[in-house]
Amino acid sequence: MPHADSPEFIAYAEALGCGGLLTGGTAQVTAEEITAAGGLSAAITLKAAQILRETVSALEIPPQETDKLAQLKYLTPHRAPHLDEYLAMLMFRACLPEEYRNLETRETTLFSLRDDAEAKALWARSAVFGIGGTANGGATALLGFDEHVPDGESRDSDSLTMLLKRRMFGSQAVPPALYTLLNEVDCIDSSGGAHPKNLASYIKNLQNTPITSDGAYMDPTWKTAVCDGALSALLMALRDDVPLSDRRVWLPAVRATLDNYRNRSPLKSDPLFADAYSKVRNLFLTTFDKEISKGATLLTYADEQGRRVPRKSKSGRTTAQIMLMPYIAAAVQRYWGAELGELILAPFWHTRIAREMAHTRVSRALTRDAKPTGAGYEELQTEVGRVTLIRCLPAEIPIADGVSMTGESWIIDFDADETVAAPGAINRYLQTNNNGLGYTIFRDAHSGTIVLSKGSSTPESEWVAVVNALLEDEGSSDAQDLAPSATGEPAEIGCWHVTRNANGYAAFLLNGNPAHRYVPKSAICADMLADIVEWAQTINN
């Protein structure tokens with residue numbers, strides 16, 4: 001069903017000087033294709049699906065049930081999808097008969113764990129991706145794809161992407177170009193380790209950063225279009241054996257597209273833009289080569305000690321990440337053309353530079369207003385939100401077996417405004433000003449999520465004690481932890497989502513997230529956390 005471009009997408013295209021593309025098209029996406037799709041963003045996605053379908057044309061694809069296809073209206077991932085969901089949705093769309101592919105992307109948020117009327121209505125007309133396996137609000141998807149399973153059941157796939165591969169292609173070997181993308185997404189989704197310049201990292205910027213000066217975010221169809229544009233360009237480049245890692249290929253493309261974005265950017269009137277742009281540009285043109293030579297772009301996994309270790313094949317070979325923004329810039333310009341390529345790439349540059357500007361605002365506000373001298377307590381109203389800073393009394397901090405140091409943990413509680421949509425800035429401030437010793441509480445005004453993070457120098461044993469204390473006091477929000485009571489009554493939902501890894505707990509806790517808004521608010525604050533930290537330090541010494 002044709003669906004139009006959003007007002008935000010149209011305004012952004014016009015601000016970039018690309019308004020003529022909205023209806024006029026290019027050699028890659030014609031005016032006729034735009035009209036048939038309902039808008040340029042939908043037309044980009046349909047072209048990307050066609051490219052993927054052509055790539056797997058030799059494979060046998062099982063047909064979907066005709067009655068369900070007739071009811072299917074939307075592709076519905078959880079709110080703020082990851083790279084895993086975007087590639088899975090593109091694969092699914094490509095495997096549909098052509099007349100059913102023009103489906104609108106509608107993101108879903110659960111506001112009730114067991115009885116969500118909105119989810120029930122939407123999911124009944126949707127193919128749902130990445131949500132529903134453990135929590136569904138009582139909704140049943142028309143077609144459901146989720147690699148997450150209830151506690152006690154075994155997964156048949158570590159990522160949604162690989163689940164879709166098995167559902168769509170069974171045991172058939174997919175073309176090498178597609179497998180390269182599938183394997184990288186699977187490794188990152190299951191084991192982490194995405195390089196900061198990986199598409200997976202840049203997609204998080206798209207989700208967390210306003211795209212307009214009045215605080216609007218990209219709509220789901222627009223986000224899907226730019227992600228599909230990037231993925232399909234990479235697929236074609238791999239299919240055609242383009243040497244993307246050759247500096248002579250990616251460097252001119254990155255330089256050209258970044259400089260073009262600078263000249264057209266809607267952000268360029270902001271006083272912080274020039275410095276932020278220069279820093280991001282330097283990360284590509286100067287730093288990226290060094291990262292490659294040091295092995296920083298290899299696919300990795302966490303070993304038993306939590307160290308990132310390069311993945312190796314049976315023959316002992318390592319694999320470099322290919323879904324990196326310099327390579328994507330080269331591929332997008334090659335296959336989508338200069339004009340349309342700019343429209344696809346600009347949101348990635350925009351949100352990354354805007355994030356850098358937010359970091360500067362946070363650092364400037366705290367550096368100007370916070371005077372971290374001696375143990376104490378401060379409350380600050382800054383230009384980017386309200387901050388509470390507690391400097392705990394010095395304590396013995398274990399740094400190795402039998403070795404400790406006297407350190408002063410900081411606790412920073414940041415109630416951010418809409419211009420700061422991720423905890424990176426406040427975590428960077430803790431790292432720079434107290435060597436990462438302490439904790440941050442980040443309150444996201446956009447999503448309502450609270451993120452509690454430990455600093456890089458905070459001892460793991462102390463963090464485990466803090467996490468366990470919070471779980472005992474406020475409970476878990478994870479569906480697999482909510483076993484019915486002895487009387488059979490549903491368990492009460494707790495506050496905290498814990499990401500577990502081979503070493504115990506990841507370095508952050510979440511109270512709610514964009515897709516699960518039924519979770520009760522935690523009472524966590526700087527004072528409460530300071531009490532828990534001082535108790536944890538006592539039992540660990």
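User: Which helix holds R247?

Analyst: This is a predicted model. In it, R247 lies in helix α12, which covers residues 247-264.

User: Why is R247 called partly exposed?

Analyst: The relative accessible area of R247 is 39%. Buried means under 20% and exposed means over 50%, with partly exposed in between. The value for R247 falls in between, so R247 is partly exposed.

User: What does R247 touch, leaving out residues up to four places away in sequence?

Analyst: R247 touches P252, L285 and D289. A contact here means heavy atoms within 4.5 Å.

User: How far apart are the C-alpha atoms of R247 and M405?

Analyst: They are separated by 45 Å, and the two residues are 158 apart along the chain.

User: Where is P63, and what makes P63 exposed?

Analyst: P63 is found in the loop between α4 (40-55) and α5 (66-71). Its relative accessible area is 77%. The cut-off for exposed is over 50%, so P63 is exposed.

User: How far is the C-alpha atom of P63 from that of G193?

Analyst: The separation is 36 Å, for residues 130 apart along the chain.

User: Is A80 buried or exposed, and how do you know?

Analyst: A80 has 19% relative accessibility. Buried means under 20%, so A80 counts as buried. A80 lies in the loop between β1 (74-77) and α6 (83-95).

User: Is N435 buried or exposed, and how do you know?

Analyst: For N435 the relative accessibility is 56%. That has to be set against the cut-off of over 50% for exposed, so N435 counts as exposed. N435 sits in the loop between α16 (424-434) and β12 (438-443).

User: What is the phi value of A80, and what is that of N435?

Analyst: Phi of A80 is near 60°, a positive value in a residue other than glycine. Phi of N435 is near 55°, also positive in a residue other than glycine.

User: What makes the chain as compact as a globular protein of its length?

Analyst: The secondary structure comes to 18 helices and 15 strands. The radius of gyration of the chain is 24 Å, and the globule rule gives 24 Å for 541 residues. The two values are close, so the chain is as compact as a globular protein of that length. Along its principal axes the C-alpha trace spans about 70 × 60 × 50 Å.

User: What share of the residues counts as buried?

Analyst: Of the 541 residues, 53% count as buried. Among contacts between residues at least 6 apart in sequence, 64% join residues at least 24 apart.

User: Which residues touch the most other members of the largest nonpolar core?

Analyst: They are L40, F92, F129, L164, F169 and L199, in a core of 114 residues. Helix α11 (residues 220-239) gives the largest share of this core, twelve residues. Not counting residues up to four places away in sequence, F169 touches V56, L59, I61, M91, C95, L164, V174 and L178. A second, separate core has 26 residues, including L470, I524, A526 and A536. In soluble globular proteins, nonpolar side chains tend to be buried together.

Definitions and conventions:
Residues are numbered from 1 along each chain as its sequence is written. This is a predicted model: local features need pLDDT of at least 70, side-chain atom pairs count only at pLDDT 80 or more; totals for chains, interfaces and linings use all residues. Side-chain values use heavy atoms; hydrogens and water are left out. Helices (H or I, at least four residues) and strands (E, at least two) are DSSP runs, numbered from the N terminus. The radius of gyration is taken over C-alpha atoms; the globule rule is 2.2 Å times the number of residues to the power 0.38. Buried means under 20% relative accessible area, exposed over 50%, partly exposed in between (1.4 Å probe, protein chains only). A nonpolar core is a set of buried Ala, Val, Leu, Ile, Met, Phe, Trp, Tyr and Cys residues joined through side-chain atoms within 4.5 Å.
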